[in-house]
Amino acid sequence: LNMKQQILVDNLSLHSLTTAVSCSAIMAVGITSALLLHKHREGVFLSQLMQDFAWLTEEILLRNHDVGFSGQVRHVVLHTLLLLRHCISLHRLSLGDVLVALRRTEAAVTELSRHSAALLPIFIQEAVGACAINALLMELLPYLGSPEQLRDAIFAQEELHNKTAVLVQLLPRDIILRQV
């Protein structure tokens with residue numbers, strides 16, 4: 001292939017990957033897994049898990065991604081807990097709530113990690129952007145004297161772009177391809 005054709009093939013490939021990722025609906029098991037693995041690793045009451053599930057679902061929808069479920073939050077979360085029964089333990093409390101705890105086995109963590117990976121393409125750009133801003137702020141801190149002065153910091157778009165590009169280079173290629 002000549003250079004023009006190669007560029008066309010590359011662009012078509014990236015477009016296909018992007019379209020495939022954006023057309024993939026996020027399943028309830030992925031949302032619940034992400035919450036249990038990353039936010040509530042020490043355990044969570046079912047009532048709180050349902051609130052967080054509704055919040056994270058809304059965040060996904062706000063980013064123009066589809067979810068592959070419908071129904072009442074309680075029923076959806078209970079169904080996902082049934083599907084994840086080998087990864088969690090449930091403890092009924094006298095207060096009327098249920099404590100959902102992550103099993104501390106390698107198999108449980110691996111399964112939850114696999115399910116929660118579906119959320120990565122949705123939030124990776126924001127996460128890298130937040131890390132870039134944090135890195136720039138930390139670079140300024142020695143010159144400002146106090147952390148309180150950081151809230152008044154202003155960055156040029158080019159500074160933020162350059163820092164983001166440096167951080168993106170640290171990511172595995174498959175993550176970068178999901179975002180192009």
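Is glutamate 139 buried, partly exposed or exposed, and what is the relative accessibility behind that class? At 42% relative accessibility, glutamate 139 counts as partly exposed, where buried means under 20% relative accessible area, exposed means over 50%, and partly exposed is in between (1.4 Å probe, protein chains only).

The notes below concern a predicted model, in which local features need pLDDT of at least 70 and side-chain atom pairs count only at pLDDT 80 or more, while totals for chains, interfaces and linings use all residues. Residues are numbered from 1 along each chain as its sequence is written, and side-chain values use heavy atoms, with hydrogens and water left out.

1. Glutamate 139 and its partner. Glutamate 139 forms a salt bridge with lysine 163, and the closest N and O atoms are 2.4 Å apart; a salt bridge is taken here as a side-chain nitrogen of Lys or Arg within 4 Å of a carboxyl oxygen of Asp or Glu. Helices (H or I, at least four residues) and strands (E, at least two) are DSSP runs, numbered from the N terminus. Lysine 163, at 18% relative accessibility, counts as buried.

2. A search of the whole structure finds five salt bridges, and one of them joins the side chains of glutamate 126 and arginine 63 at 2.4 Å, N to O. Glu59, Arg63 and Glu126 are linked in a network of salt bridges.

3. Asparagine 64. Asparagine 64 also lies in the loop between H3 and H4, and its phi is near 60°, a positive value in a residue other than glycine. Asparagine 64 is exposed, with a relative accessible area of 68%.

4. Aspartate 52 forms a salt bridge with lysine 39, the closest N and O atoms lying 3.4 Å apart, and the pair connects distant parts of the chain, from helix H3 (residues 46-62) to helix H2, 13 residues apart. Aspartate 52 counts as buried at 6% relative accessibility, whereas lysine 39 is partly exposed with a relative accessible area of 47%. Histidine 40, in the loop between H2 and strand E1 (44-45), is buried with a relative accessible area of 10%. Apart from its neighbours within four places in sequence, histidine 40 is in contact with Leu35, Gln48 and Asp52, contact meaning heavy atoms within 4.5 Å.

5. Packing of H2 on H4. The axes of helix H2 (residues 28-39) and helix H4 (residues 73-83) come within 9 Å and cross at roughly 80°, which makes H2 roughly perpendicular to H4. Axes are lines fitted to C-alpha atoms, for helices over the stretch in contact, with angles running from 0 to 180 degrees between N-to-C directions; angles under 35 degrees count as roughly parallel, over 145 as roughly antiparallel, 65 to 115 as roughly perpendicular and the rest as oblique. Ala28, Val29, Thr32 and Leu36 in H2 meet Val76, Thr80, Leu81 and Leu83 in H4.

6. Valine 76. Valine 76 lies in helix H4 and counts as buried at 9% relative accessibility. Leaving out residues up to four places away in sequence, valine 76 touches Ala28, Phe53, Phe69, Ser70 and Gly71. The C-alpha atoms of valine 76 and alanine 153, 77 residues apart along the chain, are separated by 43 Å.

7. Leucine 119. Leucine 119 is placed in the loop between helix H5 (106-116) and H6, and at 6% relative accessibility leucine 119 counts as buried. Not counting residues up to four places away in sequence, leucine 119 touches Ile26, Gly30, Ile31, Ala34, Leu56 and Ile60.

8. Cysteines. With a disulfide defined as a pair of cysteine sulfur atoms within 2.5 Å, the count comes to zero disulfides. Cysteine 87 counts as buried at 1% relative accessibility, while cysteine 131 is partly exposed with a relative accessible area of 46%.
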